[in-house]
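Keep the 3D view open as you read.

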Amino acid sequence: MADKVRIRMTVNGLEQRGEVEPRMLLVHYLRETLGLTGTHIGCDTSQCGACVVHVDGQAVKSCTLFAVQADGSSVTTIEGLVKDGQYHPVQEGFWEKHGLQCGFCTPGMIMAAADLLNKNSNPTDAEIRHALEGNLCRCTGYQNIVLAVQYAAAKMRGEPVTGAAD
Amino acid sequence: MAEVTKMIGKAIKRREDPRLIQGRGNYVDDIKLPGMTYAAVVRSPYAHAKIKGIDVSRALAHPGVLAVYVGEDMLDINPLPAAWQAGGVKNVAVTPRALAVGKVTHVGDGVALVIAEDRYTARDAVDLVEVEYEPLPAVVDARKATEPGAPLVHEAAANNICMEWECGDAARTSAAIASAEVVVKEEIINQRLIPTPMETRGSLARYDVATGEFTVWMTSQAPHVMRLLLTAFVFGIPETRLRCIAPNVGGGFGQKIFCYADMAFTMWASRKLGRPVKYIEDRSENYKTSTHGRDHVTEVELAGTRDGKVTGLRVKTWANLGGYFSTIAAGIPTTLYGRILTGVYKIPAAHCKVWGTYTNTALVDAYRGAGRPEASYLIERMMDRFAAEIGMDPAEVRRRNYIQPQDFPYDNGLGLLTYDSGNYEPALNKALQMVDYQNFRHEQAEARKQGRYLGLGLSSYVEICGVAPSAWIGAAGQGWGAGLFESANVRVHLTGKVVVTTGSLPHGQGVETTFAQILADELGVPYEDVTIEWGDTLAAPFGYGTYGSRSLAVGGMAMHRSAQKIKEKAKIIAAHMLEAAPEDMVFENGRAFVKGSPDKAKTLAEIALQASLAYSLPQGTEPFLDETTYYDPPNCTFPFGTHIAIVEVDPATGKVDLKRYVGVDDVGNIINPLIVEGQLHGGIAQGVAQALYEHGFYDDEGQLLSGTMLEYAIPTAAMLPWYELEHTVTPSPVNPMGVKGAGEAGTIGSAQAVMNAVIDALSHLGVKHMQMPATPERVWRTIQSSKQAAD
């Protein structure tokens, strides 16, 4: 076992310092060391995307990064997406459009969709589906996820949106 | 009086979601206990081998490793139980132990257990355990396993046959086939699938040294059943010594119904070590060792007349059960498959024979639809084969054979309960209208002239929902070792807030929302005042859990019954408060009053306060509004519908483009349309995935070649279509809510719609059948070989 390495990063706006094994994955650091269990693990081959977080504003699969590689970075997880008590428009879209069922893929899916909308404020259906190819969902068949992202995109552009019945 | 807003039928967003979209769910792997240890399993790389020796010394010496156990250490607990066997016949049920003893029967079979202080150390030490194997020849195919000379998976099961079962009328079916104008025959393979809930499985066990009691947090669809099986059968301890908790469960699709080795070995090790033990599968382990679904090889003959009437159906199916018998493995290809093989059609003679066989593969058990997708795929493929054979439109052939509305309740002659209600033709007509059927046939003909291959596939399905009636499932010859009722307790607290505890175990179905909608209407209380609790054997009355699309039709009905009992008691207490006679009281919209005097009413909150304080109650009335129901329905429910897929096949590459997907489903009355649509979307996605993408594939040595998400093609967002859905509504007469169920319908209706479309697209080349999945390679090869045949 290699010596532990000191790391320091900002996670959801709070500075975190610690010592980790060099081989520790970022997802395990977030989940086990910091207790941020909203980021999930659904595979062991970087396929499923349940672990997507933002590192310096970019969507990253946190199972594919060592914690030491995020040293000095600013990390946002699903727990850090609510601002001033308000849902991120993507979170709101997922709720309004029934974009989740079991909820396990949802944190990664929301983080990946938020990243897409940072880069493309008005994606087509095909662009949304393509952008989410690194995130697997087994429950929804994806249609409502696409609708959720469209909802969020419209909301972020300041356009009117239609939610669920209540 | 103010109109009370009705919640039933409203497409409200789910109350489950706020915690899940914020990453505040609570899945088993999120739970950390003081002193918790981590388990990792040494797994067999061989499909079939004797274990000659295991050297754990290097692993034990590794810093941070607390213990290493092998199968022989755990001989003080029993093998896992077989809860549902094929009925009326002998089953050679060889179930797995917590760890293999002496021999492994599939790749991934657990051989040794490492317990360490942390996850990484446990995994490190797995590589330090040295196991000496003597590899044996393997068999992976369900039918080949029964052939002479095939390697024997278990000594006890001659020819690898676990059970041999049949239903229907063999003599009548043979006669129908012998005298038929037309007989179509096919060999149909329903390939092995891997359910793949996004959360893998796992267990966290804690043993309380002081009391001798276990608590297990588990990824389970049925914690009460696990409690019963683990105590009464595996550990031989009182049921009360175990508390099972299923917190948030990240999808199940059947895979999380069953009793698994990790439940037993985490319990065993936590008792041995006096510390909590957590085991969470990684995805590769999930693929190799948690249950798979389907995997049938079938020989089928369908007989009929030249004018399109089906007169007979004969089916022989070899159902792969894998390396051991999983919890309810043999119930799936028998009761839930053979008994519904004739689908939506009135077929006067049918017979089905099933061999359940052991092979050197992962265990096979229920996967979304469980037997019913295999049945509906088979009959719907054969209806198309028959239509092509007699040169009749496939929609017309279906129409001529449908069970008619006046035939319900309908007995299909295969030993099933009667179909409750149905009206199949309107769903077909609506679906045909949605795709403009006649126009499509014209387009298809035009496209063919240009060398483009368009195809349309029909699927009319019926399925068995609300799987329950204990008296049926427990009847002699059905093979089930338990009942299947469901429980619900409803309590109205002193403050008027309502708490429901249910034996159902939602894991994505939105049961908290749906149940709260129903109860708000029933009791006339604000939706927000209703809380639905589940998942803990200590909190909820005994229930059988969530599978077989039974949460609403069985679990929801238990709650509905409890609500009626609450209202009856509320009327008695209100009568006392109003100094009236109980028999003169009515309960409406949350208020009890003397009939004809609604302005002098007592609200449920006022009655609940009176009931809870108990200062003045009518004689013989107990305090509190608290009612429990164990609801056992008289029948299952039988949702149905017609699905249509339209595809275009690229003649050069064989790639299938699923251009449209249309479904008209009849799931009875609908409580929350948003949730029902969601269930159908996800169900259809899994059927489409079977038709086009997924295959749990073993090579001849028993190596799982689709052992990770790299090889097993779970569809992405870009691989699935838009779903265009409509409904017809035929309420179920089985329950007063008229509900049927929607959790599996999409999966049961979809695979054959897509395959029928693919084959229709190639029909002008002479293609009559193709096995799933219709991957580009398989489609391309089919096109090439049909061209060669034509040359």
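This is a predicted model: local features need pLDDT of at least 70, side-chain atom pairs count only at pLDDT 80 or more; totals for chains, interfaces and linings use all residues.

Residues are numbered from 1 along each chain as its sequence is written, chains are lettered from A and ligands numbered from 1 in the order in which they are written, and side-chain values use heavy atoms, with hydrogens and water left out.

Back at the interface, 59 residues of chain B are in contact with 50 residues of chain A, where contact means heavy atoms within 4.5 Å. The two chains share 6 salt bridges, each a side-chain nitrogen of Lys or Arg within 4 Å of a carboxyl oxygen of Asp or Glu. You can look at a salt bridge between Asp29(B) and Arg31(A), with N to O at 3.5 Å. Helices H1 (17–21), H3 (119–126), H7 (283–289) and H16 (673–692) of chain B each supply at least two residues of the side that touches chain A; helices (H or I, at least four residues) and strands (E, at least two) are DSSP runs, numbered from the N terminus. H16(B) gives the largest share, 9 residues.

Now turn to chain A itself. Its domain assignment, which is automatic or from a database, gives domain 1 (5–80) and domain 2 (89–156). Their centres, taken over C-alpha atoms, are 21 Å apart. These two domains bury about 1,200 Å² between them, 60% of it on carbon and sulfur atoms. His40(A), His54(A) and Ile78(A) supply 39% of the area that domain 1 buries against domain 2, more than any other three residues. The count of salt bridges between these domains is 0.

Finally, find strand E1 (residues 5–11) of chain A. E1(A) runs antiparallel to E2 (residues 14–20) of chain A, joined by 7 bridges; strands pair if DSSP finds at least two bridges between them. Thr10(A) has Glu15(A) as its bridge partner in E2(A). The hairpin has 2 residues between the strands, and Asn12(A) takes a positive phi near 50° there. E1(A) also runs parallel to E5 (residues 74–76) of chain A, with 2 bridges.

Note on methods:
Buried area is the accessible area (1.4 Å probe) that two parts lose on being put together, summed over both.
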